[in-house]
Amino acid sequence: MNISGIGSYAASLVAASRSSAGASAASASADSAAATEPGSGGVQKTDFTQMTHQQLFDWINSKIASGEMSFDESSTFISMTVSIPVDGSSLAPDNTQKVDFMQSVRSGMERALQTNDTDLFARLQSALQTMQRFQGEVRGVDITV
């Protein structure tokens, strides 16, 4: 496994998450990375335009665990999960603020073009294509009443 291009902190986040994963964690990951819309019959769908950092992190882990994404492919996504607070405290994924990750990636692509960073542009373009492919994916059904 090659983890070049990703910080050791991000790699440790994935490793820690994998080691604590179980049946309930897989269920929680699917639930937390999905939104249940009112009137949707409890169907939960992936929405990268309204997701917390923690929900994105859980989505990444579910894709790696299912074999739908390699660890190398996840590196660009992993960097998006880290929320760096102004006070320099915890670098843990934020589970409070919803972020439009698709727009964040588009903005990053614009900055990469302005700075002629073709490598970053290619990685972000690939991440955006992945998000577009999985946007709206049914992640589960809430059958509780």
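## Fold and contacts

Contacts (heavy atoms within 4.5 Å) between residues 24 or more positions apart account for 69% of the contacts in the chain with a separation of 6 or more. The model is predicted: local features need pLDDT of at least 70, side-chain atom pairs count only at pLDDT 80 or more, and totals for chains, interfaces and linings use all residues. Residues are numbered from 1 along each chain as its sequence is written, and side-chain values use heavy atoms, with hydrogens and water left out.

The chain has 6 helices and 3 strands, taken as DSSP runs numbered from the N terminus (helices H or I, at least four residues; strands E, at least two). From the N terminus on, the order of these elements is α-α-β-β-α-α-α-α-β.

## Surface and burial

The accessible surface of the chain comes to about 8200 Å², and carbon and sulfur atoms contribute 53% of that surface. Accessible areas come from the Shrake-Rupley method with a 1.4 Å probe, and for residues only the protein chains shown count as cover. Of the 145 residues in the chain, 38% are buried; buried means under 20% relative accessible area, exposed over 50%, and partly exposed in between.

## Aromatic cluster

A search of the whole structure finds 3 aromatic pairs. Rings of Phe, Tyr and Trp (its six-membered ring) pair if their centres lie within 6.5 Å; planes under 30 degrees apart count as stacked, over 60 as edge-to-face and the rest as tilted. Phe48 and Trp59 form an edge-to-face pair, 4.9 Å centre to centre with 90 degrees between the planes. This pair links distant parts of the chain: Phe48 lies in the loop between strand 2 (43-46) and helix 3 (53-66), and Trp59 lies in helix 3, 11 residues apart.

Phe48 is buried, with a relative accessible area of 0%, and Trp59 is buried, also with a relative accessible area of 0%. Phe48, Trp59, Phe77 and Phe134 form one aromatic cluster.

## Helix 6

Helix 6 (residues 118-134) has 17 residues and should span 24 Å at 1.5 Å a residue; its end C-alpha atoms are 24 Å apart, which agrees. The expected span is 1.5 Å times one less than the number of residues.

The buried residues of helix 6 are Leu124, Ala127, Leu128, Thr130, Met131 and Phe134. They cover an arc of only 160 degrees around the axis, which puts them on the same side of helix 6; the arc is that of the directions from the helix axis to the C-beta atoms. On the other side of helix 6, Thr118 and Arg133 are exposed. Cover for the buried residues of helix 6 includes strand 2, helix 3, helix 4 (71-81) and helix 5 (101-114). Just after helix 6, Gly136 has a positive phi of about 85 degrees.

Technical notes: Buried < 20%, exposed > 50% of the residue type's maximum accessible area, 1.4 Å probe, protein only.
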